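Open the model in your viewer and keep the selection tool handy. We will go from stop to stop, selecting a few residues each time.

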Amino acid sequence: MTGLRIPEALLYMDYLCFRALCCKGPPPARPEYDLVCIGLTGSGKTSLLSRLCSESPEHVVSTTGFSIKAVPFQNAVLNVKELGGADHIRKYWSRYYQGSQGVIFVLDSASSEGDLEVARSELHSALQHPQLCTLPFLILASHQDKPAARSAQEVKKYFELEPLARGKRWILQPCSLDNVDALKDSFSQLISLLEEKDHEAARM
């Protein structure tokens, strides 16, 4: 400001303040992460993702092949590839794993023993798959609002998560459609794991 008279200097400072307040430009882009979402038919995958996207439950239709949703959060956007959970589709899941940065596995905590055993087998396969085994996992025990729902501790023991997932980044959270805040918190924890993995990769 050398050479400016006092009134001009004040005007210049006002101009700088105006620019700082009103000319910030677009906010920085949020990071995007590509996730794969798997689980048996009826586990609640589609409904939970639709709830996060504030879609009407009346328009929710069970996924038969695969669908992709962009789920926005304050600090990230999750591009979630949801795979259908029917018997004849599950054998093709691994074809869609490539490029995933994280995994969402949804299980029905109130399902029959038979379905729970199938879900257990599928989760074990996913946790050990070469394209997924190093990725962060969010495991959602859905339908907690049902009387037959198993607690997170019961699910952890039945699925043998402690020994199987030792050394991996994973989160197990109970959830239901009527508690969207808890559901969002689960995804916020997953985003933290994804960010940690990004930072580790940047340091290598």
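Select Val-36 and then Lys-81 in strand 3, its bridge partner there. This is a predicted model, so local features need pLDDT of at least 70 and side-chain atom pairs pLDDT 80 or more, while totals for chains, interfaces and linings use all residues. Residues are numbered from 1 along each chain as its sequence is written, and side-chain values use heavy atoms, leaving out hydrogens and water.

Now widen the selection to strand 1 (residues 32-38) and strand 3 (residues 77-83), which run parallel over six bridges. Strands here are DSSP runs of E, at least two residues, and helices are runs of H or I, at least four, numbered from the N terminus; two strands pair if DSSP finds at least two bridges between them.

Is strand 1 mostly covered or uncovered? Mostly covered: five of its seven residues are buried (under 20% relative accessible area; exposed is over 50%, partly exposed in between, with a 1.4 Å probe and protein chains only).

Select Cys-37 next: it is buried, at 1% relative accessible area. Cys-133, by contrast, is partly exposed at 24%. The structure holds zero disulfides, meaning pairs of cysteine sulfur atoms within 2.5 Å.
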